[in-house]
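Here is a briefing on one protein chain. Please read it alongside the sequence and the model.

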Amino acid sequence: MHVYFVRTNRIHIKDMANESKRNTSFTSKIGLIMAAAGSAVGLGNIWKFPYIAGENGGGAFLIVYLICVALFGLPLLMTEFFIGKRSGKSAFGAFRELSGNGRWQWLSWLCMLTAMLIMGFYFIVTGWCFNYLFEAFRNTFDGLGTEALAEHFAAVASNTPRMIGFSVLPVVLTAAVLWFDVNAGIERLSKILMPLLLLMMLLMAGRVLMLDGSNVGMRFFFQTDFSKITPRVIMEAMGQCFFSLSIGMGALITYGSYMPKNQNITATSIQVITLDTLVAVLAGVIIFPAVFAFGFDPAEGPQLVFVVLPAILEQMSFSWFSSVLFFTLLCIAALTSTISLMEVMVAFICEASAAVRKPKSGHPGRPLNRHQSVLLTSAMTIVLIVLCVLSMTGKTEWLTIMGHNLFDCFDEITSCVMMPLGALGMSVFVGWCLPNETLKGPARGTRRTKRWFGKIYLAVLRWVVPVAIMIIFLNSLGII
Ligand code: PHE
């Protein structure tokens, strides 16, 4: 039997039968917060947010993005943590465990597929970061002007063997962390490095704001021209919100399943969202003033930060040291995200293989253990990376979809279609389809405040989130 009640600003879930079925769990509350924040804060904030904002009108994008974070971020983050904590399982088993039937299994397959496609392009961007770290060590950017930096990036990104090598390196590092299981790897890394990254970014923002002409960039980023808010901008902002917060693809379900019993879901979610949004806005404050001060184009696309960042770092005092430190931190921020991405697939493969039955006898087959699953996931990821790199460097005509290379397709389809679809599924699942007592849970409370919070959460999850996602979809398709 399960009893749910709401406390002032939190949903406290007391499971009388069995709490977590996981045998590994985070040793401290802060460990889980840092790991979830480590998943959220990554290249989505520092690489993707500035380039998408730059392509979609700066200030116009920022305001829509912030609305999306408020509207979707909190309820969906809470929902994913809730699903994981309550079921004690990763995305594969969680939906079946909670619903008691297999009707929602498609959602776990969607999560796994999304994780796989994201890994296909995310590791390549992580590879760019490692390449830039390597070059920062060798002081390659010293004295390069605006044009030379752009040419340099183009040369790096079109070098097939180099790109494959640098993208496979983070796969190996991520696999190594997962090989030694969740606690040891993720917790230790995130605790130390996240604050250091924030500090470094603050220093860079301070330097950039001293550049001549930086105010043009600040205006571009903070002044809202409402006429620039189009259905496309809204769609991109929603996708970016899901991508940046790692929601809609099960990563946080897995982390929820490792949550200590007494951890507060609401407070954890608010902390993760605040940190993630802060880093994204800070990235905008660093990139846009520099874009205008140095004469770059804000709508440059995915390469934007890779041409602007070295130019900024060259202006910092102790430029060699600053560059090496910044790219090291960026690589680690990327790795804490890839760890959570790969974990989705690793846990999925372990649990899915345990569920497979032998065709004749109907007995369970031998499930893959964690190590085998890590190896299999890494191998599949490397195949995807190679295909993506080949399609980007123009080596293979047939590896494009409607004229777009696989990198762009994976980037676009995961953020703008698959993650919103996953989020839609999860909100309908928890909001409408869970057994009765679970459904009433967050809305039932003894004190008035508790009751209100639970009711608002449920109403938003049942109505606002699914309806808003559907409207944005139909609107961007031109149907409404
Ligand atoms: N949120 C991560 C980032 O901002 C990317 C990510 C997406 C990680 C989905 C895990 C799952 O970089």
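Helix 18 (residues 448–476) supplies the largest share of the nonpolar surface patch, 5 residues. Helices (H or I, at least four residues) and strands (E, at least two) are DSSP runs, numbered from the N terminus. The model is predicted: local features need pLDDT of at least 70, side-chain atom pairs count only at pLDDT 80 or more, and totals for chains, interfaces and linings use all residues. Residues are numbered from 1 along each chain as its sequence is written, and side-chain values use heavy atoms, with hydrogens and water left out.

**Surface patch**

- The nonpolar patch consists of W432, W463, V464, V467, I471, L474, L477, I479 and I480.
- Together these residues have about 880 Å² of accessible area.
- Patches are made of residues with over 30% relative accessible area and no salt bridge; like charges are joined within 9 Å, nonpolar side chains (Val, Leu, Ile, Met, Phe, Trp, Tyr) within 5 Å.
- Accessible areas come from the Shrake-Rupley method with a 1.4 Å probe; for residues, only the protein chains shown count as cover.
- V464 sits in helix 18.
- V464 counts as partly exposed because its relative accessibility is 32%.
- The classes are buried (under 20% relative accessible area), exposed (over 50%) and partly exposed (in between), with a 1.4 Å probe and protein chains only.

**Whole chain**

- The chain holds 18 helices and 4 strands.
- Of its 480 residues, 59% are buried.
- Accessible surface comes to about 18900 Å², and 66% of that belongs to carbon and sulfur atoms.
- Take contacts (heavy atoms within 4.5 Å) between residues at least 6 apart in sequence: 82% join residues at least 24 apart.

**Nonpolar core**

- The largest nonpolar core has 160 residues.
- W47, F72, I83, W128 and F326 touch the most other members.
- Helix 5 (residues 105–137) gives the most to this core, with 20 residues.
- A nonpolar core is a set of buried Ala, Val, Leu, Ile, Met, Phe, Trp, Tyr and Cys residues joined through side-chain atoms within 4.5 Å.
- Beyond its neighbours within four places in sequence, F326 contacts I46, M200, M201, M204, L309 and L313.

**Two buried sites**

- M316 lies in the loop between helix 13 (304–315) and helix 14 (319–355).
- M316 is classed as buried because its relative accessible area is 10%.
- Setting aside residues up to four places away in sequence, M316 touches M200, L203, M204, R207 and S322.
- M316 and L203 are 113 residues apart along the chain, yet their C-alpha atoms are separated by 8.9 Å.
- T174 belongs to helix 7 (residues 160–179).
- T174 has 1% relative accessibility, so it counts as buried.
- The side chains of T174 and T338 are joined by a polar contact of 3.0 Å.
- A polar contact is a pair of N or O atoms within 3.5 Å; within protein, one must be able to donate a hydrogen and the other to accept it, and residues adjacent in sequence count only if both atoms are side-chain atoms.
- Outside four places in sequence, T174 is in contact with F123, L335, T338, I339 and M342.

**Salt bridges**

- The whole structure contains 6 salt bridges.
- A salt bridge is a side-chain nitrogen of Lys or Arg within 4 Å of a carboxyl oxygen of Asp or Glu.
- E135 pairs with R162, with the closest N and O atoms 3.5 Å apart.
- This pair links distant parts of the chain: E135 is in helix 5 and R162 in helix 7, 27 residues apart.
- E135 is buried at 5% relative accessibility, whereas R162 is partly exposed at 26%.
- E236 and R232 meet through their side chains (2.4 Å, N to O).
- Both E236 and R232 lie in helix 10 (residues 231–245), 4 residues apart, about one turn of the helix.
- E236 is buried at 8% relative accessible area, while R232 is partly exposed at 43%.
- R232, E236 and E412 are linked in a network of salt bridges.
- The side chains of E97 and K89 also form a salt bridge (3.1 Å, N to O).
- E97 is partly exposed at 37% relative accessibility, and K89 is partly exposed at 25%.
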